[in-house]
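Please examine the sequence and the three-dimensional structure shown here. An explanation in running paragraphs accompanies them.

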Amino acid sequence: MKLRRYGWYVAIGVVCGGLLSLSRINPYGGQIALQDLVLQLSGSRGNFVMGLHYGAMVDFGFLLLPFFLYQFYGGIQLYRQFCVASVYVFSRTTNRVKWYFTELWGLCKGLLVLQVFLQGTTLLVAALRWEVMWTTEGWILLGIHVLLFTLWTLTMALGVNLLALIWGSSAGFLVVFALQAGMLAALCAGNGLEPSDPTLARLLLLDPISRLVLGWQSSGIFELEGMLPAQYGHVLTLSGSLLLLVLILVAVVVLGLIVIQKKDILVSNLETGGV
């Protein structure tokens, strides 16, 4: 992997991982189980599950910061490559499918680098500051947490790329960022409602960003009973969340393939409006 291409992901992962660990991982007794540490990275505060008020949504947005940075920097890579390929590649070959999945794999590798350094730095700093109890359940929960955030971030990054083909990269990122901010803000409508309220259930089911909060969900097919607060476990499950995010990602990938196949060669600069 080229340092020039992935160096920013390493930097984002290390810096944000250190900040997240210092700000989020602060156990009362100086000792924390790995599963509890993971819950802190998914919105919980100590033994308290993430709420549905405005402050909690802003706080959760901070947890998403490294992934927003990835969406901004990595999310426009496919668009930039398309601008080059539309002139220098597609004029000589019609195999856009192979090109598309090659570039998509490049996006995946960048996100993998980010996750490795982000989670690695977070755990390392936490282990240096506190006594971390490494449990099998904790590792499973960490894997699910990483997978949920990876699926979500890759979907949003592809969304940035698709919108960039229409409006330009800056506008594409702003629209996708606003969409995610809107999803978080919409969850505030559930503040004050009882967990059993059907209105809250519909809100959580229809707002896909709720699937990133581990403390709200039950384990589903995973054997993690007792590890999760499962505040809204009657509505959300980890297995259901993984399935939903996979389906959304597949839908966006297919949509991107259709757009790439039908998009004409770019002869104008969408960033400046020039040729």
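The paragraphs below go from the overall composition to helix packing and then to aromatic rings.

This is a predicted model, in which local features need pLDDT of at least 70 and side-chain atom pairs count only at pLDDT 80 or more, while totals for chains, interfaces and linings use all residues. Residues are numbered from 1 along each chain as its sequence is written, and side-chain values use heavy atoms, with hydrogens and water left out.

The secondary structure of the protein comprises 10 helices and 2 strands; helices (H or I, at least four residues) and strands (E, at least two) are DSSP runs, numbered from the N terminus. Starting at the N terminus, the order of the elements is α-β-α-α-α-α-α-β-α-α-α-α. The protein has 275 residues, of which 49% count as buried. Buried means under 20% relative accessible area, exposed means over 50%, and partly exposed lies in between (1.4 Å probe, protein chains only). A contact means heavy atoms within 4.5 Å. Among contacts between residues at least 6 apart in sequence, 73% join residues at least 24 apart.

Helix H6 (residues 96–129) packs against helix H7 (residues 136–167) at an angle of about 140°, and their axes are 10 Å apart. Axes are lines fitted to C-alpha atoms, for helices over the stretch in contact, and angles run from 0 to 180 degrees between N-to-C directions. Angles under 35 degrees count as roughly parallel, over 145 as roughly antiparallel, 65 to 115 as roughly perpendicular and the rest as oblique. H6 and H7 are therefore oblique to each other. The residues that make this contact include Leu107, Leu111 and Gln115 of H6 and Trp139, Phe149 and Leu158 of H7. By class, the contact of H6 with H7 has 12 nonpolar, 6 polar and no charged residues. Here Ala, Val, Leu, Ile, Met, Phe, Trp, Tyr, Cys and Pro count as nonpolar, Asp, Glu, Lys and Arg as charged, and the others, Gly among them, as polar.

H6 also packs with H4: the axes of H4 and H6 come within 11 Å and cross at roughly 155°. That angle makes H4 roughly antiparallel to H6. Pro66, Phe67 and Tyr70 in H4 meet H6 residues including Leu107, Leu111 and Gln115. This contact of H4 with H6 has 7 nonpolar, 2 polar and no charged residues. Glu103 is also found in helix H6, and Glu103 is buried, with a relative accessible area of 12%. The C-alpha atoms of Glu103 and Leu78 are separated by 6.2 Å, although these residues are 25 apart along the chain.

The structure holds 12 aromatic pairs. Rings of Phe, Tyr and Trp (its six-membered ring) pair if their centres lie within 6.5 Å; planes under 30 degrees apart count as stacked, over 60 as edge-to-face and the rest as tilted. The rings of Phe67 and Phe149 have centres 5.3 Å apart and planes at 45°, so this pair is tilted. The pair links distant parts of the chain, with Phe67 in helix H4 (residues 65–73) and Phe149 in helix H7, 82 residues apart. Phe67 counts as buried at 4% relative accessibility, and Phe149 is buried at 2%. Trp134 and Trp139 form a stacked pair, 5.6 Å centre to centre with 15° between the planes. Trp134 is partly exposed at 43% relative accessibility, as is Trp139 at 45%. Finally, Tyr6, Trp8, Tyr9, Tyr70 and Tyr73 form one aromatic cluster.
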